[in-house]
Amino acid sequence: MGDRAPATRVNHTRIYRDGALVEDGFPAGELHARLSADERNVGWLDLCRPNPEELSLLADQFGLHPLAVEDILQQAQRAKLDHYDTHLFLNTYVALLGTADRLSTGEVSAFITDRLLVTVRYDDQFDVVDLMRRWDESAELARNGVSYLLYGLLDALIDGHFEAVQRLDSALEKLQDDMFQGRDLPRNNIQRRVFLARRDLVRLRQIALPMREVVNAVLRPTVHLVTTEMIPYYQDVYDHVIRVIEWTESLRDLNTTMLETNLMLQNNQMNAVVKQVTGWAAVIAVPTAVTGFFGQNLNFPWRHTPMEFYISVAVTLGLALLMYVIFRVKKWL
């Protein structure tokens, strides 16, 4: 999980009645009274960084199960949907990619009853303003109550997963270009980026894969949550979940191939260096051999004459140049 960013303790509240938003931004402590005032009222409460006392009061007012409240306090739970007698408990994650293309995640939980949706988060990574905008843009669906509110929440979360995997795909494409064209980049740096990308893909898969079962569970008729009008919208969310999972799996395979390719390129680069060093060693060996030969204590006709110097230099340069040309033709240098 990514590092938790400090969050401002700002709670959001809404009341819908007969498909219309009738109250917004009232104190969270008044939610229970406003819901009790009219059976047609449907409410939403967003809690940011709640303390145990707030959660305990909420549990007493709305009959929330202690195990669900315990999951909220412990955090770091897997994405899931738990069924209790009076409510459902949803735990999921928001996925974000920063400027450095590194994945960060934030936990988002929700209590779901017939007339109330309570979202709980411990950081600002989940954009609540965007969630409210989505609800306002599809206000004609508000008559579906909690089914409509939950759809907006799931749609926002899955769209975040989709955007994250899309950006990871773009980052891997850029990394592929650097592998073959960025000759000035160290291979170990590329390999590190490949490993970091793999870590992000594994983490994204961990939070996206359970969402398939979560959406499936919400759609089950025995849950009595999704209205007939909202079924196509939830099916669209399910399609997006499947797309994210499949895309993530394909990127993991691509990442593995890139890792193997980078290692192969490293070996090829090392072989090329060894071949060049060997070629230059052979070229350098010629002057060594020639000068050693003429340095022997043997009597030659031109010994200790200028001719000795001219012949040794000519033989040295000639053989060295010949070997250089041969190696260049064979592309060993």
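**Close-up views of a predicted model**

**View 1. The β5–β6 hairpin.** Five residues lie between β5 and β6 in this hairpin, and D101 in the turn has a positive phi of about 60°. The model is predicted: local features need pLDDT of at least 70, side-chain atom pairs count only at pLDDT 80 or more, and totals for chains, interfaces and linings use all residues. Residues are numbered from 1 along each chain as its sequence is written, and side-chain values use heavy atoms, with hydrogens and water left out. Helices (H or I, at least four residues) and strands (E, at least two) are DSSP runs, numbered from the N terminus. β5 and β6 pair antiparallel over 10 bridges (pairing requires at least two DSSP bridges between two strands). V94 has G106 in β6 as its bridge partner.

**View 2. β5 and its partner β4.** Four residues link β4 to β5 in a hairpin. The two strands, β4 and β5, are antiparallel, with four bridges. L81 faces L90 in β5. Of the 10 residues of β5, nine are buried (buried means under 20% relative accessible area, exposed over 50%, partly exposed in between; 1.4 Å probe, protein chains only).

**View 3. The seven-stranded sheet.** The sheet is open and mixed, in the order β2-β1-β3-β7-β6-β5-β4. β2 (20–24) and β4 (80–83) are the edge strands; each has a single partner, so one side of each lacks a neighbour in the sheet. Neighbouring strands are turned by 20° against each other on average, direction ignored (axes are lines fitted to C-alpha atoms, for helices over the stretch in contact; angles run from 0 to 180 degrees between N-to-C directions).

View 4. β6 (residues 103–112) and β7 (residues 116–121) run antiparallel, joined by five bridges. Helix α4 (residues 128–137) lies across β1 (12–17), β3 (41–48) and β7, at about 10° to β1. Helix α5 (residues 146–181) packs on the sheet and touches β1, β3, β5 (88–97), β6 and β7 (contact: heavy atoms within 4.5 Å). The direction of α5 makes about 30° with that of β5.

**View 5. A nonpolar surface patch.** W280, I284, L321, Y324, V325 and V329 form the patch, with about 610 Å² of accessible area together. Patch residues have over 30% relative accessible area and no salt bridge; like charges are joined within 9 Å, nonpolar side chains (Val, Leu, Ile, Met, Phe, Trp, Tyr) within 5 Å. Areas come from the Shrake-Rupley method with a 1.4 Å probe; for residues, only the protein chains shown count as cover. A salt bridge is a side-chain nitrogen of Lys or Arg within 4 Å of a carboxyl oxygen of Asp or Glu. α8 gives the most, four residues. I284 is in helix α7 and counts as exposed at 53% relative accessibility.
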